[in-house]
Amino acid sequence: SFMSCSGSSVNSLVIRDIEKKKKPYVFKLRKGVCCFDYSRAWNIIATGSVNHVVRLWNPFSTTKAIAVLKGHHASILDVIIHDDLGLVFSYAQDVVLKVWDISEYVCIQSVAWKFPTSKIPEHSSWPMYLTSSSGPNSYLIISCNNFLAEFKLETDESQKSHAVTSHNKPICAVVYNQSLGQIATGCEESVVNMWDIGT
């Protein structure tokens with residue numbers, strides 16, 4: 001099978017058997033579909049559209065989405081599903097990335113990117129790239145104009161293996177010294193640690 005999308009309200013998303021032996025699944029949305037991703041592990045399709053909405057679908061149910069995820073304020077340019085983390089990433093025309101929990105259908109993070117340009121944001125047809133949707137470490141790469149942003153993604157196991165404990169007791173104070181580029185942390189045990197933010 002293969003999938004394709006369009007801005008048409010008649011053939012917004014189509015899943016067709018390559019050999020044309022099976023009837024195609026046709027999803028119809030009033031404003032069409034701009035982008036989609038499919039996860040075999042979760043058995044869902046994520047779609048984005050010009051009406052600022054991300055939808056999650058059962059691939060075999062074309063009439064009603066499993067979830068309608070609202071929160072964007074511009075057209076959705078790209079969606080990507082991360083199987084291991086159980087997340088959907090959606091990226092909109094206004095340079096905002098949203099991270100959605102697949103099982104809870106809620107937005108768990110929004111990132112408004114600030115690319116160093118005065119130009120109006122310009123994007124390619126696929127502005128997001130996920131280096132791997134499985135494994136302990138992966139990166140989400142976002143392109144805008146002549147710039148790239150990198151978003152490091154880690155599973156719980158990889159975060160635990162890289163965890164650093166700076167104090168044995170809870171931290172009660174943090175101070176930043178701008179001229180030295182250092183951070184001082186103090187804990188309830190009266191231990192002070194100095195951190196060079198450049199390293």
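**Entry 1**

I began with strand 15 (residues 171–177) and strand 16 (residues 182–187), which run antiparallel and are joined by 6 bridges. The model I consulted is a predicted one.

I next followed strand 16 to strand 17 (residues 192–196); I noted 5 bridges between them and an antiparallel course. Here G186 stands opposite V192 in strand 17. Strand 16 and strand 17 also form a hairpin, with 4 residues between them. I recorded for S190, in the turn, a positive phi of about 65 degrees.

**Entry 2: D101**

I turned to D101, which I located in strand 10 (residues 96–101).

Is D101 buried or exposed, and which side chain of opposite charge is nearest? I found D101 buried, and I found no salt bridge for D101. The nearest side chain of opposite charge is that of K98, 15 Å away. A salt bridge would require a side-chain nitrogen of Lys or Arg within 4 Å of a carboxyl oxygen.

I then asked what the side chain of D101 does meet. A polar contact of 2.9 Å joins the side chain of D101 to that of S103.

Finally, I set aside the neighbours of D101 within four places in sequence and listed its contacts: G86, L87, V106 and I108.

Conventions. Residues are numbered from 1 along each chain as its sequence is written. This is a predicted model: local features need pLDDT of at least 70, side-chain atom pairs count only at pLDDT 80 or more; totals for chains, interfaces and linings use all residues. Side-chain values use heavy atoms; hydrogens and water are left out. Helices (H or I, at least four residues) and strands (E, at least two) are DSSP runs, numbered from the N terminus. Buried means under 20% relative accessible area, exposed over 50%, partly exposed in between (1.4 Å probe, protein chains only). Lys and Arg count as positive and Asp and Glu as negative; His and the chain ends are not counted. A polar contact is a pair of N or O atoms within 3.5 Å; within protein, one must be able to donate a hydrogen and the other to accept it, and residues adjacent in sequence count only if both atoms are side-chain atoms. Contact means heavy atoms within 4.5 Å. Two strands pair if DSSP finds at least two bridges between them.
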